[in-house]
Amino acid sequence: MDMPKVEMCGVTQCAYNRERQCHAWAITVGDDTPKCDTFTSRSTKGGDMNAQAGVGACKVSQCRYNEDLECHAQGITVDMVEDMADCTTFSVK
């Protein structure tokens, strides 16, 4: 299985975000909520400009795309929801 890609990230204050793209190699989503656990706000940018982030792990058990802690969506988007970087592809089972 290939990791689902982060197709768009609207969290421009994240250090991995450049031009609405996530350049971490992989992100982790959640615990009880679909927040992006990889989000970090720093003055310097990080990540690999040649990388398009994938979803390395999803810990949101109530998401319909979560199977055995792995995301099975075709791709995801991340954006700000109530002041948190959230996976907006999240959908309740």
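Me: A cavity is a set of grid points where a 1.4 Å probe fits but cannot get out. In this predicted model, what volume does the second largest cavity have?

Reply: The count of cavities of 30 Å³ or more comes to two. For the second largest cavity, the volume is about 70 Å³.

Me: How many residues in the lining of the second largest cavity are polar?

Reply: Residues lining this second cavity include Val6, Cys9, Tyr16, Phe39 and Thr38. Tyr and Cys count as nonpolar by the classes used here. The lining has 11 nonpolar residues and no charged ones, and the number of polar residues is one.

Me: Which residues lie nearest the centre of the largest cavity?

Reply: The lining of the largest cavity has 11 nonpolar, two polar and no charged residues. Altogether, 13 residues line this cavity, and those nearest its centre are Val29, Cys58, Cys63, Cys71 and Cys87.

Me: What radius of gyration does the protein have?

Reply: The protein has zero helices and nine strands. Its radius of gyration is close to the value that the globule rule gives for 93 residues, so the protein is as compact as a globular protein of that length. The radius of gyration is 12 Å.

Me: What share of the residues of the protein count as buried?

Reply: A residue is buried when its relative accessible area is under 20%. The protein as a whole exposes about 5,600 Å², and carbon and sulfur atoms supply 47% of that area. Of the 93 residues, the buried share is 37%.

Notes:
Residues numbered from 1 in each chain as written. Predicted model: local features only at pLDDT ≥ 70, side-chain atom pairs only at ≥ 80, totals over all residues. Heavy atoms only, no water. 1 Å grid on protein atoms, 1.4 Å probe; cavity = no way out; pocket = protein on both sides within 12 Å on 5 of 7 lines; lining within 4 Å. Points joined across faces, edges and corners; volume = space filled by probe spheres on them. Helix = DSSP H or I, 4+ residues; strand = E, 2+ residues; numbered from the N terminus. Rg over C-alpha atoms; globule rule 2.2 N^0.38 Å. Buried < 20%, exposed > 50% of the residue type's maximum accessible area, 1.4 Å probe, protein only. Areas by Shrake-Rupley, 256 points an atom, 1.4 Å probe, with all protein chains shown as cover.
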